[in-house]
Amino acid sequence: MTIDTQSRITLHFELAMEDGAVVDSTFERTPATFTYGDGSLLPGVEKKLLGMCAGEKKDFVLNPEDAFGQPNPANIQHFKRDQFGADMELAEGVVISFADAQRAELPGVVQSISDDEVVVNFNHPLAGRTLRFTAEILKVEAVSS
């Protein structure tokens, strides 16, 4: 059985940078299982799995458009320094959790700090990066819609 848009897929995967540095992998852990289109994998990754079958292993290059997109300048926000508690430790690279309008958690990375301002980048840390994705398909099952 091959992967289509009505499949439940069990696989091992590895997501790595272009230089080979591993971002995430299940090869030394329990395999991942997901239903095509359920949001577990990026749509660009899912499309690359179409037509694969159990026992198949492939490496894919993921351009930013297939992965986390390009960085959006609008996602870099400037805050007044006094909006952060005096006891809050701020440093470049620190991840701070904010709440969006729906009260959902929104992580931001401190990009720079001055006496008056803190610049926070809300882009995904892998935005703009070309990545490598390895998939080893272990099981493909049909899912009724």
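Start by selecting Phe13, Leu15, Val23, Asp24, Gly39, Ser40, Leu41, Leu42, Val45, Phe68 and Phe133: they line the largest pocket. A pocket here is an open set of points on a 1 Å grid over the protein atoms alone, where a 1.4 Å probe fits, with protein on both sides within 12 Å along at least five of seven lines; a lining residue has an atom within 4 Å of a point. You're looking at a predicted model, so local features need pLDDT of at least 70 and side-chain atom pairs 80 or more, while totals for chains, interfaces and linings use all residues. Residues are numbered from 1 along each chain as its sequence is written, and side-chain values use heavy atoms, with hydrogens and water left out.

The volume of this pocket is about 180 Å³, taken as the space filled by probe spheres set on the points. Colour by element next: β1 and β2 (22-25) are the ones giving two or more residues to the lining. (Strands are DSSP runs of E, at least two residues, numbered from the N terminus.) Now colour by class, and you get eight nonpolar, two polar and one charged residues. Val, Leu and Phe count as nonpolar, Asp as charged, and Gly as polar.

Stay on strand β1, which covers residues 7-17, and pick Ser7. Is Ser7 buried or exposed? At 0% relative accessibility, Ser7 is buried (under 20% relative accessible area with a 1.4 Å probe, protein chains only). Show its neighbours: leaving aside residues up to four places away in sequence, Ser7 touches Thr2, Phe34, Thr35, Tyr36, Val140, Glu141 and Val143 (contact means heavy atoms within 4.5 Å). Then find Asp4, whose backbone nitrogen lies 2.9 Å from a polar atom of the Ser7 side chain.

Last stop: the aromatic rings. There are six aromatic pairs, counted when ring centres of Phe, Tyr or Trp (its six-membered ring) lie within 6.5 Å; planes under 30 degrees apart are stacked, over 60 edge-to-face and the rest tilted. Select Phe79 and Phe98: their centres are 5.4 Å apart and their planes at 15 degrees, so this pair is stacked. Phe79 sits in strand β5 (residues 76-80) and Phe98 in strand β6 (residues 95-99), 19 residues apart. Both Phe79 and Phe98 are buried.

With centres 6.3 Å apart and planes at 85 degrees, Phe84 and Phe98 make an edge-to-face pair. Phe84 is in the loop between β5 and β6, 14 residues from Phe98, and is buried as well.

Note on methods:
Helices (H or I, at least four residues) and strands (E, at least two) are DSSP runs, numbered from the N terminus. Buried means under 20% relative accessible area, exposed over 50%, partly exposed in between (1.4 Å probe, protein chains only). A polar contact is a pair of N or O atoms within 3.5 Å; within protein, one must be able to donate a hydrogen and the other to accept it, and residues adjacent in sequence count only if both atoms are side-chain atoms.
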